[in-house]
Amino acid sequence: MNIPFRVSIRHKILIGSIGIATIACLSIAMLSYIKAGSIIDNAAEQGLTGVTNHLLNLCRTNYELSQKTVNYNLNVADFFVKGKTELRYNRPIRYDAEDQITHAKTPVTIPTMAVEGTFVSNSFGLVDRVTDMIGGTVTIFQRMTRPNGLLRISTSVKRKDGSRAVGTYIPESSPVYKTIMRRETFRGNAFVVNDWYITAYKPIIGAGNEIIGTIYVGIKQSEMDVLRNKILSVKHGASGSTYVIDDHENSRGTLVIHSSMEGTNILDRKDADGVAYVREICSRKNGSGVYSIPDPVSGDVRTKMLQYRHLPEMGWIIVAEGDYDEINSPLFSLRNTMIVVGILCVIFIVVLGTYFSNSVSSVVRNIVNRIKLLKEGDFSKDIPGEDMARNDEFGVMAHHFSQLIQNTRELLGKVRQTTEVLTESIQDLTISSKEISSTSNQQAAAVKEIVSTMEDSDSLSKKVASRIDEVARIANQTKEFVEKGFSLIKETLEKMEDIQNTNAENISGVRSLGTQIESIWEVVNIINGIADQTKIIAFNAELEASAAGDAGKNFQIVASEVRRLADSTVSSTNEIRQKIDEIQRSSDNLVLSTERGTERIREGWERSTKLREVFDEILNSAEVSAASSEQIVASVNQQVSAFEQILLTLRQISQGIDDFVVSTRATTSASESLKETSEDLKASLAKYILS
Amino acid sequence: MYIMDNDELIAKLESSSGEGEDTLSVEEEIIHKLLIFQIDDRKYAVYADLVKEIVINHDLYFIPFVPPYITGLINRQGQPYTVFDLKMLFTNERLQASKVMIMKSDSDFIAFMITDVAEISGIPSSGINLVVSSETESTFIGSCNLRGEEIFIINVQEIYNRLANDLQNI
Amino acid sequence: MTSRTYKTSSAAVKVEAVVVTGGWGDFLINREEISSSIYYHASDFSRLGNHMFQVFHYNGEDILLLDFDRYLNKYFSITPSGKSCIIFFFDIRPGSPLKEQAALFMKTACGETALSNTAAVKITGTAALHHIPLKEFHFFPEPVRTPLVKQGILCLRITETAGIQYLIDLHTLMATQLERISTGYGNE
């Protein structure tokens, strides 16, 4: 099998460990980064939300307070005009009435208005006095028709050019006009001339109980300095900012409160991605967003996180802005730290991985090298000891592999030995089969000779038959002679039997004599034993007597005499013993000689018996010879036929031996091929190095 | 051998009459009773007063851990005796015999295997040739001449001591 | 050897002893020394070899076993024969020299040190328990008494038929034989 490329275990372990570590580090870093980013974003958003909510509440509170002030101011202003205002029809006055919204001018002539007899049309003493008292702005309106509206005839509201906004009128489309016409007091923010004010309008009722005009007090929303300062002071972060965008219809998108661009309309401003974010803010009123906003001064694009809230009472949208980079600076710091840590981890993993991979790969390498040697047939080298001494699976593997090498080595050794033995045995077998083959050939030749000999015998036996008749005649004569001799032998045998019986009687008589001598011998032995014991007793008595001194003197004499008697008894028994020995020897000699004579008689009798048996046999033979001549002829004939059968059998044997010769040749060739095979095996085993 | 004439003989007889044969005056010789026994064909002697008795055909009980000249134990009237084979002791050959000569003793209880006893003979002191003492004690006390035959007298105590020494060395 | 003193000449005192008879002479073993005994067929031991001391595995224990037939053959020149064997088990007394000798034997002969606290002796023959009057026991005559006692043959008994039987102490006998083997004196 072709291996396209090889990666060693060491590299695999190294790559694997580095990969795992890197992936783990990256995964952890990314998750941490994403999570931290999310947390930071949420925190920033919450921060900005807090800011906007705080400002919203602040503005609302401020507005309510301002509205209360305005309401109070209205009461004050109303005090000056209520019930004191009249129209002087006899002194009309002409104005170019300018719609405060459209700025369309329309000439109108209306009676002049007087308050407590003082003309107020185009006169500013009263409004200024009231203004001085209550602050803010005060205006006296006069109702006009054609067009319908409320014309400013005396006011402290100034135009942009600083002139008083006399001659401007609130059109009938204005909610202020509609509210006044309903004889109600309008309170709220309203657009006055060129700005929004927190206002209060109250109808001025004439003598005839008709609405002749309106008294107004108001505070410019944007002139609430404390609120303004407060809004501008609230920042999120070092580079965050807050500002207020005007959401009123005619002035939507104008920066009402801003640190540097108040009054600027930024409704159509777009961010770096082309998103009209201000328009989006004014559209959504409440929400948040991230925009890439170019700095209006430097032009640098910064990513900003915006949070905005709508204050409907004042028609404002309060925006809190945070610098995205500043918000996420901890995240970036964390990112950088993670990168450094990650690199360090990877380095550490590389070092550790290198160490372990080397540790693992060394033992694997050793085993691979041993396997190479085994492949080349070298079984002599073992696994290094230090590999087997490892306390891990590789150590176990090395140990078992070493065992495998040893077992294989032993097995090959045994196979080699067995092969050598087998080779020798096959060699012997080959030699033996060759010898058997040659012997079989010889036997085949010998059998063939036997066959020819048997054929000769067959012809010879036929000649024998012809001589048998002559033999029969001679046998009859022989029979007569033998009968005579037989009767003579019989008489002789009877005589010899008598002699034998007489001899046997003599022998038994001598034997009984010997038995009696044995009995005498036993008696003599007993007497001897008694004498011996008597002697000992006498000795003991003598001892006691000698120990007794004089008192035992007589006893000593008696003991001594008894001992002498015992001695003489012993000596007498010795003489008897000698005599018995002589008698026994004589009787033994007699028995021997008698037995020799008996032996001779027996031999003679046996010879005679044999002679009789021979004569008997001769007689039988003669009879047989005489009577069996014809049988012999028949037998000879049978023999002839038997010879023929033998001859046939021998021919079959010869054939069989020939077949055996063939098979031994086959055995020889088989053993030759076995020999070659064993030598091949031996050669195959020779290439293995075992030691 | 003490040589005397007939007068001296008669005088001695008159002075010793009525006294025991063994009681002699100070200047008379002491007659020692010696028991003559045989070990195979050789004769040995031992002082008769040391011998308790002779027994025959007693069962011999083998004991191990003893020198080879100790054939075993016999039991005589409820008392075991250690039996010595003097032939083994003298010639290193085993004695085939059935008689045992038991010695008198209060504590030692030893016996000797012998072929036969011959006689108890009275030998005067002058007839006993004592062994000159040397550095070690001899197995024989001395020898005597009995009818022209030199007979060695066994030193029983020494044989006993020999056994004690040999047992210490085993 | 534990010192044992008997009361002097009291005909009423009897000793309970096992008389082992094998046709080659009789031996006595004090009943107090034996804890138990079993009968075995002689052929069961043929596979254990021909050594005076063997390790007999019985009831899950390795027990040091003295082949008394070998002992008799060596020191008494007797060759017992028979089909039945008796094995006597006895507890090795603590502090007995046999304990130390047995452990040493096992360590040098077999390389094992775990040995039962029980020893055994195998005898070919039959055994019977007898109550023997103390007066029938006698010491060996001096000076053969000392070496025999040292070898574990304590004393003898003279029977009613005037025969002699030897009383053996198994502890002493086995300990001295083990000592002989360990010193090379009695090579087996």
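This report covers strands, cores and chain contacts in a predicted model.

## Basis

Residues are numbered from 1 along each chain as its sequence is written, and chains are lettered from A and ligands numbered from 1 in the order in which they are written. Because the model is predicted, local features need pLDDT of at least 70 and side-chain atom pairs count only at pLDDT 80 or more, while totals for chains, interfaces and linings use all residues.

## Strand β14 of chain A

Eight of its eight residues are buried, a residue being buried if 20 or more other C-beta atoms lie within 10 Å of its own, exposed if 12 or fewer, and partly exposed in between, with C-beta atoms placed from the backbone. Trp316(A), Ile318(A), Ala320(A) and Gly322(A) point one way from β14(A). Ile317(A), Val319(A), Glu321(A) and Asp323(A) point the other way.

β14(A) pairs in the antiparallel sense with β10 (residues 241-246) of chain A over six bridges; two strands pair if DSSP finds at least two bridges between them. In this pairing Tyr243(A) stands opposite Val319(A). Strand β13 (residues 301-311) of chain A is also antiparallel to β14(A), over eight bridges, and Lys304(A) has Asp323(A) as its bridge partner. β13(A) and β14(A) form a hairpin with four residues between them, and Gly315(A) in the turn has a positive phi of about 65°.

## The sheet in chain B

Chain B holds an open sheet of six strands with mixed pairing, in the order β8-β1-β2-β11-β10-β9. Its edge strands, each pairing on one side only, are β8 (116-124) and β9 (128-130). Neighbouring strands are turned by 30° against each other on average, direction ignored (axes are lines fitted to C-alpha atoms, for helices over the stretch in contact, and angles run from 0 to 180 degrees between N-to-C directions).

Leu130(B) has Gly142(B) in β10(B) as its bridge partner.

## Nonpolar cores

A nonpolar core is a set of buried Ala, Val, Leu, Ile, Met, Phe, Trp, Tyr and Cys residues joined through C-beta atoms within 7 Å. The largest has 94 residues, and those touching the most other members are Leu35(B), Ala45(B), Val46(B), Val83(B), Met101(B) and Ala111(B). Not counting residues up to four places away in sequence, Ala111(B) touches residues including Ile74(B), Tyr81(B), Val100(B) and Ile102(B). Another core, of 75 residues, lies apart from it and includes Leu55(A), Val115(A), Tyr169(A) and Leu227(A).

## Contacts between chains

The contact between chains B and C takes 20 residues from chain B and 16 residues from chain C (two residues are in contact if their C-beta atoms, placed from the backbone, lie within 7 Å). On the side of chain B, β4 (70-76), β5 (79-85) and α3 (156-169) give two or more residues each. That side has 15 nonpolar, four polar and one charged residues (Ala, Val, Leu, Ile, Met, Phe, Trp, Tyr, Cys and Pro count as nonpolar, Asp, Glu, Lys and Arg as charged, and the others, Gly among them, as polar).

Between chains A and B, 11 residues of chain A are in contact with 11 residues of chain B. The chain A side has four nonpolar, four polar and three charged residues.

## Chain C

Chain C has four helices and 11 strands, and 32% of its 188 residues count as buried. Val149(C) is in helix α3 (residues 145-150) of chain C. Val149(C) counts as partly exposed because it has 16 C-beta neighbours inside 10 Å.
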